[in-house]
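The sequence and the structure are shown first, and the description follows.

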Amino acid sequence: MLSAILAFLHHAAAFVLFGALMAELVLTKSELSLTSARSLLRMDAAYGISAMLLLVVGFARVFHTEKGAAYYFGSAPFLIKLSLFAIAGLLSIKPTREFLSWRKILREQRAPAFDEAKRSAIRRHIHIQLTLMLGIMLCAALMARGIGFVG
Ligand code: HEM
C-alpha cells in the first residue's frame, strides 16, 4: 500500500511540475500584465513545491520499496535521471530569482518591467528544463524495468 501511495504522489508531483513549467512558458510569451506576473509567481511556487515533493517521495521510493536502494544505485538510468533533475534545478534558479524580484512592485499594483533580453533568457531556461523532463521520463521507464545496470 505504501508503495502505491508513493507512486501516486510521485506521478501527481511530476504532472504538477510539468504543468507549472508549461504555464510559465505560455505566461512569458507576451507582454506582462499585473495578473500574468502574479500567476508566474504562483506557478513558480507550484514548481518549487512539486520539485521538493518529487525529491522526497523519489528517495522514499528508493529506500522503502520492494526493489531496494542497491537496485537503484546500480542503475545508470537512475543516476542519469538524478543528474538531469539536478541540472533542471540549477536552471530554475534564474527564472525564480527574476520572478521573486517582482514581489515589491506587484504589491504596489504595478506590472514589472520585462525586457526582451530577460524574457528570452528566462524562456530559454524553461525550454531546456522541459526538454530535460523528457530525458527524465525516459530514464524513469528504463530504470523501472531494470534496463542499464552498471558494474
Ligand atoms: C521531474 C522529475 C521526475 C519525473 C518526471 C519522474 C517520473 C517518474 C515516472 C514517470 C516514474 C514511473 C516509471 C515507470 O514505472 O515506468 C518514476 C518512477 C520512479 N522515480 Fe521518478 N521522476 C522524477 C524525479 C525523481 C527523483 C528526483 C527520484 C529520486 C530521488 C525519483 C525516483 C523514482 C523511483 C525510485 C521510481 C520507481 C521506479 C520503479 O518502479 O522501480 N524520481 N519517476
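At roughly what angle do the axes of α2 and helix α5 (residues 93-100) cross? In this predicted model, the two axes cross at roughly 135° and come within 10 Å. An angle over 145° would count as roughly antiparallel, and α2 and α5 are therefore classed as oblique to each other. The crossing of α2 with α5 is left-handed. On the α2 side the contact involves Leu 40, Leu 41 and Asp 44, which meet Pro 95, Thr 96 and Phe 99 of α5. Sorted by class, the contact of α2 with α5 comprises four nonpolar residues, one polar residue and one charged residue.

**Overall architecture**

The chain contains seven helices and zero strands. Its order along the sequence is accordingly written α-α-α-α-α-α-α. Taken along the principal axes, the C-alpha atoms fill a box of roughly 55 × 30 × 20 Å. Of the 151 residues, 22% count as buried. Among the contacts with a separation of 6 or more, 85% are between residues 24 or more positions apart.

**Packing of the helices**

Two packed helices are described by the angle between their axes and the distance between the axes.

| Helix pair | Axes come within | Crossing angle |
|---|---|---|
| α1 and α2 | 8 Å | roughly 155° |
| α1 and α7 | 10 Å | roughly 150° |
| α2 and α5 | 10 Å | roughly 135° |

The axes of α1 and α2 cross at roughly 155°, and these helices are therefore roughly antiparallel to each other. Their crossing is left-handed. In the contact of α1 with α2 there are 20 nonpolar, six polar and three charged residues.

Helix α1 (residues 2-27) also packs with helix α7 (residues 116-144), the axes coming within 10 Å and crossing at roughly 150°. This angle makes α1 roughly antiparallel to α7. The crossing of α1 and α7 is left-handed. From α1, the contact draws on Phe 18, Leu 21, Glu 24 and Leu 25, while α7 contributes Arg 123, Ile 126, Gln 129, Leu 130 and Met 133. By class, the residues of this contact are six nonpolar, one polar and two charged.

**Surroundings of the ligand**

How many residues surround the ligand? The shell consists of 20 residues, and the closest are Ala 14, Gly 58, Arg 61, Ala 140 and Ala 144. At least two shell residues come from each of α1, α2 (34-64), α4 (76-91) and α7. Helix α7 gives the most, with seven residues. The composition of the shell is 16 nonpolar, two polar and two charged residues.

Phe 63 and Ala 144 are 81 residues apart in sequence, and their C-alpha atoms are 14 Å apart in space. Phe 63 is located in helix α2. Is Phe 63 buried or exposed? Phe 63 has 9 C-beta neighbours inside 10 Å and therefore counts as exposed, the cut-off for that class being 12 or fewer.

**Residues in the loops**

Lys 29 is found in the loop between α1 and α2. This residue is exposed because 10 other C-beta atoms lie within 10 Å. Lys 29 and Ser 120 are separated by 91 residues in sequence, yet the C-alpha to C-alpha distance between them is 9.0 Å.

Which backbone feature marks Gln 109? Gln 109 has a positive phi of about 65° although it is not a glycine. The residue lies in the loop between α6 (103-107) and α7. With 7 other C-beta atoms within 10 Å, Gln 109 is therefore exposed.

**Summary**

The predicted model shows a chain of seven helices and zero strands. Helix α1 is roughly antiparallel to α7, and α1 and α2 are likewise roughly antiparallel to each other, whereas α2 and α5 are oblique.

Notes:
Residues are numbered from 1 along each chain as its sequence is written. This is a predicted model: local features need pLDDT of at least 70, side-chain atom pairs count only at pLDDT 80 or more; totals for chains, interfaces and linings use all residues. Axes are lines fitted to C-alpha atoms, for helices over the stretch in contact, and angles run from 0 to 180 degrees between N-to-C directions. Helices (H or I, at least four residues) and strands (E, at least two) are DSSP runs, numbered from the N terminus. Angles under 35 degrees count as roughly parallel, over 145 as roughly antiparallel, 65 to 115 as roughly perpendicular and the rest as oblique. A crossing is left-handed if the near helix is turned anticlockwise from the far one by less than a right angle, and right-handed if clockwise. Two residues are in contact if their C-beta atoms, placed from the backbone, lie within 7 Å. Ala, Val, Leu, Ile, Met, Phe, Trp, Tyr, Cys and Pro count as nonpolar, Asp, Glu, Lys and Arg as charged, and the others, Gly among them, as polar. A residue is near a molecule or strand if its C-beta atom, placed from the backbone, lies within 6 Å of it. A residue is buried if 20 or more other C-beta atoms lie within 10 Å of its own, exposed if 12 or fewer, and partly exposed in between; C-beta atoms are placed from the backbone.
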